[in-house]
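Visitor: I would like to walk through this structure step by step, asking about one part at a time.

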Amino acid sequence: MSRYWRIYRTFFTSSFARELEFRANFFAKIAQNCVWVFFFVMILLVIYRNTKSVAGWSRGDAFILAASCFLMNALISACFLSLQEIPQQVRQGTLDFVITKPIDTQFWISTRKFNFDQLGTLTAGFVMVWYGIKTAGLHPGAMQWLAYVVLVLSSLAIFYSFYLILMTLGIWLVRVDNLWVLGESVMQVARYPMDIYSLSIQRFFTFMIPLAFVATIPSRQLVQGFNPRMLAAGLIWGVACIFIARWFWNYALRHYTSASS
């Protein structure tokens, strides 16, 4: 583990050095992400100017929900940006150099780049959680915070696995780069509470396709109280998705034919 930690620190510092090469562009991207969050906040304020509750979620609750989604999306984009490059590396044959390195290929392909321009979104997400708690008059306990953090990490594992599987399809298909947009479209749906849907759809998005774990279920730990059943379900989904993505990545590598040979 210490060896991989040293390697990740090298990836992290090299990514930071890359950002400093074009500082104006770096700060412009941070500002762009902050403006994007600002406009979504304006939409929330407009909605709750005309109503006090949407499917049982008050304005403060909705801020926590949106913040959870922003945090998860920012962590995915910051920590696993290099997943987008898998299809390009397959087409150019540069995936060969990754496979021949004395390092786990999935670790390298997942963490090679850190996207620092998501720092603005992360900061905005933390501020929105604080604002939502203050507005809703909530006082979460230690178990609620622990469950919230664990479920956010579980949703991170779920979405990481989803993106890895999508990009790994590039080993068989010519161009799958645009499938990354599919994940962003899913995120648009997850940004709203699952309570707006019928009970059957809620169960489908909880136990069949774990979309509810992206934001709604983690947020409920702070809004509605600690729920050990949902915490256990989130952990099971996160671990299961990681194992499935790992198996699919190794399966794809066994069928990989170098473009350079």
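Visitor: With which residue does K29 form a salt bridge?

Guide: Please keep in mind that this is a predicted model. A salt bridge calls for a side-chain nitrogen of Lys or Arg within 4 Å of a carboxyl oxygen of Asp or Glu, and the closest N and O atoms of this pair are 3.3 Å apart. The partner of K29 is therefore D117.

Visitor: How many residues apart in sequence are the parts that this pair ties together?

Guide: K29 belongs to helix α2, whereas D117 sits in the loop between α6 (105-111) and α7.

Visitor: Is D117 buried or exposed?

Guide: Buried means under 20% relative accessible area. K29, at 24% relative accessibility, counts as partly exposed. D117 has a relative accessible area of 7%, and so this residue counts as buried.

Visitor: Which residue meets R220 in a salt bridge?

Guide: R220 is in helix α11, and the other member of the pair is in the loop between α9 and α10, 25 residues apart from R220. The N to O distance is 3.0 Å, and the side chain that meets R220 is that of D195.

Visitor: How many residues of helix α11 are buried?

Guide: Helix α11 covers residues 216-223 and is mostly covered. Among its buried residues are I217, P218, R220 and L222, and the buried residues of this helix pack against α3 (59-79), α7 (119-136), α8 (142-168), α10 (199-208) and α12 (228-254). The number of buried residues in helix α11 is 8 of 8.

Visitor: What is the volume of the largest pocket, and which elements give two or more residues to its lining?

Guide: The largest pocket has a volume of about 400 Å³. Of the 18 residues that line this pocket, the closest to its centre are N33, N73, S77, Q118 and E184. The elements that give two or more residues to the lining are α2, α3 and α9 (179-190).

How values were computed
Residues are numbered from 1 along each chain as its sequence is written. This is a predicted model: local features need pLDDT of at least 70, side-chain atom pairs count only at pLDDT 80 or more; totals for chains, interfaces and linings use all residues. Side-chain values use heavy atoms; hydrogens and water are left out. Buried means under 20% relative accessible area, exposed over 50%, partly exposed in between (1.4 Å probe, protein chains only). Helices (H or I, at least four residues) and strands (E, at least two) are DSSP runs, numbered from the N terminus. Contact means heavy atoms within 4.5 Å. On a 1 Å grid over the protein atoms alone, a cavity is a set of points where a 1.4 Å probe fits but cannot get out, and a pocket is an open set with protein on both sides within 12 Å along at least five of seven lines; lining residues have an atom within 4 Å of a point. Grid points are joined across faces, edges and corners, and a volume is the space filled by probe spheres set on the points.
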